[in-house]
2 protein chains.
Amino acid sequence: MKFKEKALKLHKKKKGKFEIKSKIKIKNKKLLSLAYSPGVAEPCKKIVEDKKNSYKYTARGNLIAIITDGTAVLGMGDIGAEAAMPVMEGKAILFKEFANVDAIPICLNTKNVDEIVKTIKLLEPSFGGINLEDISAPRCFEIEERLKKELNIPVFHDDQHGTAIVVLAGLINSLKIVKKNIKEIRIIISGAGAAGIAITKLLLAYGAKNIIVCDSKGIISKDRELNKSKREISKITNLKNEKGELKDAIKNADVFIGVSKGDILSGEDVKNMNRNSIVFALSNPNPEIKPKVAKENNAKIIATGRSDYPNQINNVLVFPGIFRGMLDYKIKNIDNKIKIAVAQAIAKSVKKLDRKHIIPDVFNKKVVRNIKEAMRNFKTVS
Amino acid sequence: MKFKEKALKLHKKKKGKFEIKSKIKIKNKKLLSLAYSPGVAEPCKKIVEDKKNSYKYTARGNLIAIITDGTAVLGMGDIGAEAAMPVMEGKAILFKEFANVDAIPICLNTKNVDEIVKTIKLLEPSFGGINLEDISAPRCFEIEERLKKELNIPVFHDDQHGTAIVVLAGLINSLKIVKKNIKEIRIIISGAGAAGIAITKLLLAYGAKNIIVCDSKGIISKDRELNKSKREISKITNLKNEKGELKDAIKNADVFIGVSKGDILSGEDVKNMNRNSIVFALSNPNPEIKPKVAKENNAKIIATGRSDYPNQINNVLVFPGIFRGMLDYKIKNIDNKIKIAVAQAIAKSVKKLDRKHIIPDVFNKKVVRNIKEAMRNFKTVS
C-alpha cells in the first residue's frame, strides 16, 4: 500500500487519534459519591475560596488547548476548521507521548481576530496554557500579542517560536562545526510569515548582526510597501538597505534559512555562498532546494524539515518540552532569554555532533529533560 | 477520615479526574510520519472535500463538549467557571466509564447569553455534540433554544432533559406498582427552574392531564407576574387556575416531585395526599422531606437524589446512554418521542421491580444498552 493510503487508513481505523481517559475508575457507589455528587462539592468550594486552587484540584495544571482557525495548516494554507483537526489531534498526541502534557485540540469556526481573541479569553478558566497553531500571518502576531496581555495563562504560538527555537538549536551546533561566530556571519532568511519573522527576531536576540529577510517579492527593505510585521523587520535587518532578489541576497551569505516554499533556490545560488555554507531548506514537503543539489554545490551542512533526510529541523523537539516547563514552573511569558536557553538545551542533547547530526533525533528522550532543566531557572516564585 | 476530607484528598492526589490518551503509540519515525506530518495531510484533504468526513477521520464522531458558565452548579448556585470544573470533570469521566463517550469539560468565563451562544457556535467544528450543564434558568432555555436552531450538531441540556427523563422513568415504574394511570392522577411539581419546567413538559407529553407547578412563591397561576418560561407553564398546567401555597396544592395529590430545596414539605403535607402516594424528594443534598418522615405519613413510594436511600433518581442513568445513541445514530434533535422512549428503556432495565426498586442501579449495565437500542428507531438515515 502506498504511503498516502496508509495514512488515510490509519486515521479511519482509529477514528481520530485521541480519547479521554478517566484517572479514577468509578467502580462502586462510594467512589461515585466521592468523585461526583456529593463529594465533588468539596474541591468546588476550595476553588471558590481561591481560583488558584483550580491547579490543585482539577486537571488544569497539566492541561492546555491547541487552538487554530485552520488558516495556515501545514503546506495546505486556509483549509478551514474541520479539515485542520487531524493536524491538531496529531499535535495533541505528541504532547502526551513526548512530555505527558494533556492537550485538547480546538478548531474555531472563525477567521476574525477579535472573535478568536474573545473566544480564547472565554475558554481561559478551563486550561493551564494555550498553544496557538496554524494561524496565518500577520493575524497570528496580533492574536498572540493581545492574548499575552489579556490572559493570565501562558500563550505560545508554536509556528513562530517553536520553529525559531529549533532553528536556533540547529544553527548553534552548525556554527560549532564550521567554526563561525554568529556575530560575524551573513544570514539570509527566505519567508516572512510567522516562522520567518520569529526566526529573525530570535537570531538577532542571540547576537546575529547581519540578517537579510526575503519574501516572495525579494529583499525586504525600508523603501518597499510593507505590512506592519514586515515593516518592523525592515528596521532591524538589512542595515545597509540592500535591494534585489533572493539570488542577489544570497551572494556571500554564510547561512540560508528557508521557511517559504519548494524549489526557489538554485545550485548556482548555493555556489555563490561563502565557504562552509549552511543551508536549512525547511519548506515541507518540498524543500527550497533538494539536499543533493545543495551538496553538489558545496553546502557544508544541510538540514530540511523532512524525516527522510539527515538533520530534520522539527518543532516536535520544542513544543512538548517547553509546555512541560511552562506548566511545571508556572512560567507565563516565554521571552528571548528562555527561548535561547531552550535552544541551547536542545543543541546539547545531540549525542555525537557532526554535520549530519546537528539536531537531536525526535525520539531522543534527553530533549524534554534538558529543556525542562533549562527552564527551571526561570521558575515563577509564588 | 471524614467523607469531605476523603473527597478533597482524592481530587488533590489525582490532580483532576481526566487526561488525554493517544490512540496511536508514536514509537518510530514511520508512525510519526503517518500520524503527523506529512501523512496527516491526507485526512485533512478528505475533510476539505467533504466536511462530513471529519466524522470518519477525526475523534469528532465520539467527542462532545460539556459546557457550563458555572451559574447553577449542584446545590451551590453561581460559583463561577473555575470552581465548576470538578463537576464537569466528574461528568466527563462518567461519560467515558459508562458509555465510552469522550467528553471535554469546558467552563466559560462569561454569563452573557449572546457570548455563550456565540462561543459554542465557534467551537462547533471540533465536536460531535454539546452537553449544556449547570447553566441557570431562565437563561438556559434561551441558550439551548438558540443553539438547537443554529448548530448542526446535537445540543442537550442535561439538567432539563436528563432529569426529566429519569423522573419519568421512575414514575412509569411507580405507577405500575400503585396501579394508577398517568391520565388520571394529580401531580405536584415543586421547583420551576430548568428541571421543574422540563419535567412538567415531558409528563404532559407522556399523557399527564393534571399538573400543578409551585415555585418559592406558591402555585404558578396565570394571574401572577411570571418570567417567560413560567408564563408558558401557567398556560399548560393548573387548568382550574388554583391559587395558594405548596401545602394547598398537595392536598389530594397522587404524586409529589420536588426539584427545589430541602425540607419544604411536612409530614402533614404528605398525609394530605391521596392513598398510595408517590413522593420524589430530589433536592440534593437535603431532600424536600426526609424519607423517614414521608414513610411515617403513608407515602407508598419514596425516591430521592441520594445514593444512601433506596430509589436514587440520578441523571447519570440518562446522559451517557443518550449521547451514545445520539452519536451512534446521528440523531440531532431529541424530541419528546425520543425522551419517552429513553425513559421507558430505563424503566424496563430494573431487575426486580418493587417499591424500593423503581429505578435501575447506576451500575446496571443494561441501562446504556437499552437506551441505545430504543434510540435506534430514531436513527437519521443519511
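Predicted model: local features only at pLDDT ≥ 70, side-chain atom pairs only at ≥ 80, totals over all residues.
Is A:Asp263 buried, partly exposed or exposed? I started my notebook with this residue, and A:Asp263 turns out to be partly exposed, because its relative accessible area is 47%.

**Entry 1**

I placed A:Asp263 in the loop between strand 9 and helix 12 of chain A. A reminder to myself: most residues other than glycine have a negative phi, and most peptide bonds are trans.

Next I looked up what the side chain does. A:Asp263 meets A:Lys290 in a salt bridge, 3.3 Å from N to O. The two sit in distant parts of the chain, 27 residues apart, with A:Lys290 in the loop between strand 10 (277–281) and helix 13 (291–296) of chain A. I noted A:Lys290 as partly exposed too, because its relative accessible area is 45%.

I stayed in the loop between strand 10 and helix 13 of chain A, where A:Pro285 lies. A cis peptide bond joins A:Asn284 to A:Pro285, with omega at about -5 degrees.

Chain B gave me another cis bond, between B:Ala137 and B:Pro138, with omega at about 0 degrees. I found B:Pro138 in the loop between strand 4 (129–132) and helix 7 (139–150) of chain B.

I also wrote down B:Asn298, whose phi is positive, near 75 degrees, in a residue other than glycine. B:Asn298 belongs to the loop between helix 13 (291–296) and strand 11 (299–304) of chain B. I filed B:Asn298 as exposed because its relative accessibility is 53%, and the cut-off for exposed is over 50%.

**Entry 1: where the two chains meet**

How many residues does the contact take from chain B and from chain A? I read off 89 from chain B and 89 from chain A. Between them the chains bury about 9300 Å², 69% of it on carbon and sulfur atoms. On the chain B side, B:Ile20, B:Lys23 and B:Tyr36 supply 8% of the area buried against chain A, more than any other three residues.

I then turned to the polar side of the contact. Between chain B and chain A I have 12 salt bridges and 28 residue pairs in polar contact. The elements giving two or more residues to the chain B side include helix 1 (3–14), strand 1 (18–22), helix 5 (81–99) and helix 6 (113–123). Helix 5 of chain B gives the most, with 13 residues. By residue type, that side of chain B divides into 44 nonpolar, 16 polar and 29 charged.

One cross-chain pair I wrote down is B:Lys51 with A:Glu82, a salt bridge at 3.8 Å, N to O.

Strand 1 (residues 18–22) of chain A and strand 1 of chain B pair in the antiparallel sense over 5 bridges. Within this pairing, A:Glu19 stands opposite B:Lys21.

Which residue forms a salt bridge with A:Glu19? I found B:Lys96, with the closest N and O atoms 2.8 Å apart. The pair crosses between chains, from strand 1 of chain A to helix 5 of chain B. I noted both A:Glu19 and B:Lys96 as buried.

I listed A:Glu242 as partly exposed because its relative accessibility is 24%. A:Arg186 counts as buried because its value is 11%.

Methods: Residues numbered from 1 in each chain as written. Chains lettered and ligands numbered in written order. Heavy atoms only, no water. Contact = heavy atoms within 4.5 Å. Buried area = accessible area lost by both parts, 1.4 Å probe. Salt bridge = Lys/Arg side-chain N within 4 Å of Asp/Glu carboxyl O. Polar contact = N/O pair within 3.5 Å; in protein donor to acceptor, adjacent residues only side chain to side chain. Helix = DSSP H or I, 4+ residues; strand = E, 2+ residues; numbered from the N terminus. Nonpolar A, V, L, I, M, F, W, Y, C, P; charged D, E, K, R; others polar. Pairing = 2+ DSSP bridges. Buried < 20%, exposed > 50% of the residue type's maximum accessible area, 1.4 Å probe, protein only.
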